[in-house]
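Please consider the following protein model.

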Amino acid sequence: MDIGALFKKKPCVFALEVFPPKRDSRVESVYNTLDKLGELPFDYVSVTYSAGGSGNRAYTGEIARYLKDKIGIEPLPHLTCLSSSRQEVAEELEGLAASGIKNILALRGDRNPSAPPREDYRYASDLIADITADGRFYIAAACYAEGHPESPSPEADIEALARKIEAGAGHLVSQLFFDNGRYYRFLSRLRKRGITCPVEAGVMPVVRPEQLSRTLALSSASLPADFSKLLARYEGDPQGFFDAGIDYASRQIRDLIEGGADGIHLYAMNRPSVARRIYENIADLL
Ligand code: FAD
């Protein structure tokens with residue numbers, strides 16, 4: 001199924017991101033996790049590609065196949081290009097097409113000292129153009145409600161997104177954010193620029209104190225004062241912190257759905273208990 005078609009059928013698409021295991025020994029436990037996550041009615045599940053340079057690329061396609069063939073849910077494997085050659089990308093596309101995969105989230109990838117950039121790709125739009133030319137896949141791309149950290153200005157960032165859409169991306173998936181106001185302002189800048197495609201809002205429930213600093217470092221998301229106060233109140237109380245994180249993300253998502261977001265992209269960190277609690281809190285709106 002072409003994931004783009006979902007946005008025509010549903011007022012708000014509900015999607016999940018999962019990531020492959022960092023070590024081979026963890027593969028089985030990831031499949032158990034996927035089985036549990038598959039009990040929830042996600043419209044599709046995206047699968048990261050060597051995010052953070054963990055060297056687990058081979059599992060992205062394998063997990064996408066498992067989601068499609070064993071769980072019966074549409075997968076959206078991610079694919080990065082910065083440290084790949086055109087030949088390697090062509091091989092990845094062959095492998096995905098042979099497995100019946102129809103959708104790809106096309107990304108540049110983060111800079112990673114252990115996988116230096118190659119010559120063939122500079123931006124995600126270069127990869128999107130190649131996948132469009134290939135012709136076998138629906139393409140999604142990434143966006144940043146608070147701007148990409150390397151962008152010189154919000155305007156330059158929006159122009160980069162316009163290039164991705166022109167190259168063939170059908171919808172955008174946002175980096176996580178905690179302040180819905182930033183998403184709404186970003187959306188209005190996009191619409192003013194004439195970018196009318198669906199934009200999924202990325203939401204991550206923060207349920208452990210140590211998750212917060214890592215998340216902020218990786219995403220550059222800003223932390224609203226009410227959220228930091230809430231989390232500070234439950235320091236030293238793991239269950240209280242967990243509940244407060246679920247509550248904040250649930251309220252954030254409810255506001256986004258009521259505010260007309262095209263989709264929610266849930267970053268539940270491969271935790272079925274987190275995904276289930278969030279789903280239960282928002283199911284009436286979906
Ligand atoms: P691009 O769209 O190429 O943008 C990168 C920078 O270049 C931006 O600052 C942009 O404004 C600028 N730019 C783009 N085009 C031009 C141009 N033509 N001229 C000048 N400037 C330009 N990383 C992984 O390694 N694996 C994953 O699975 C993964 N999944 C992700 C999923 C989502 C939803 C998001 C939001 C991010 C994900 N990332 C992942 C991280 C992503 O790879 C990084 O954020 C990366 O730094 C940028 O990727 P991009 O596709 O947005 O790049």
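This is a predicted model: local features need pLDDT of at least 70, side-chain atom pairs count only at pLDDT 80 or more; totals for chains, interfaces and linings use all residues.

Q: How many helices and strands does the protein have?
A: Helices (H or I, at least four residues) and strands (E, at least two) are DSSP runs, numbered from the N terminus. Here there are eleven helices and eight strands.

Q: How does the radius of gyration relate to that of a compact globule?
A: The radius is taken over C-alpha atoms, and the globule rule is 2.2 Å times the number of residues to the power 0.38. For 286 residues a compact globule would have a value near 19 Å, and the protein agrees with this at 18 Å. Along the principal axes, the C-alpha atoms fill a box of roughly 50 × 45 × 40 Å.

Q: What share of the residues is buried, and what share of the contacts joins residues 24 or more positions apart?
A: Buried means under 20% relative accessible area, exposed over 50%, and partly exposed in between (1.4 Å probe, protein chains only). Buried residues make up 51% of the 286 residues. A contact means heavy atoms within 4.5 Å. Among contacts with a separation of 6 or more, 81% are between residues 24 or more positions apart.

Q: Which residues does Ser83 contact beyond its sequence neighbours?
A: Ser83 lies in the loop between strand S3 (75-80) and helix H4 (86-98), and is buried at 17% relative accessible area. With neighbours within four places in sequence set aside, Ser83 is in contact with Arg57, Glu88, Ala115, Pro116, Pro117 and Arg118.

Q: How many positive and negative side chains are there?
A: Lys and Arg count as positive, Asp and Glu as negative; His and the chain ends are not counted. A charge is placed at NZ of Lys, CZ of Arg, CG of Asp or CD of Glu. The protein has 35 positive and 39 negative side chains, and the centres of the two sets lie 1 Å apart.

Q: How many salt bridges does the structure hold?
A: Side chains of opposite charge can pair when their charged atoms come close. The criterion for a salt bridge is a side-chain nitrogen of Lys or Arg within 4 Å of a carboxyl oxygen of Asp or Glu. The structure holds 17 of these. One of them joins Lys68 and Asp69 at 3.0 Å, N to O; Lys68 is partly exposed at 26% relative accessible area, and Asp69 is exposed at 52%.

Q: Where in the chain do the partners Glu150 and Arg108 lie?
A: Their side chains meet in a salt bridge of 2.8 Å, N to O. This pair links distant parts of the chain, 42 residues apart: Glu150 is in the loop between strand S5 (138-143) and helix H6 (154-167), and Arg108 in the loop between strand S4 (103-107) and helix H5 (124-134). Glu150 is partly exposed at 43% relative accessibility, whereas Arg108 is buried at 13%.

Notes
Residues are numbered from 1 along each chain as its sequence is written. Side-chain values use heavy atoms; hydrogens and water are left out.
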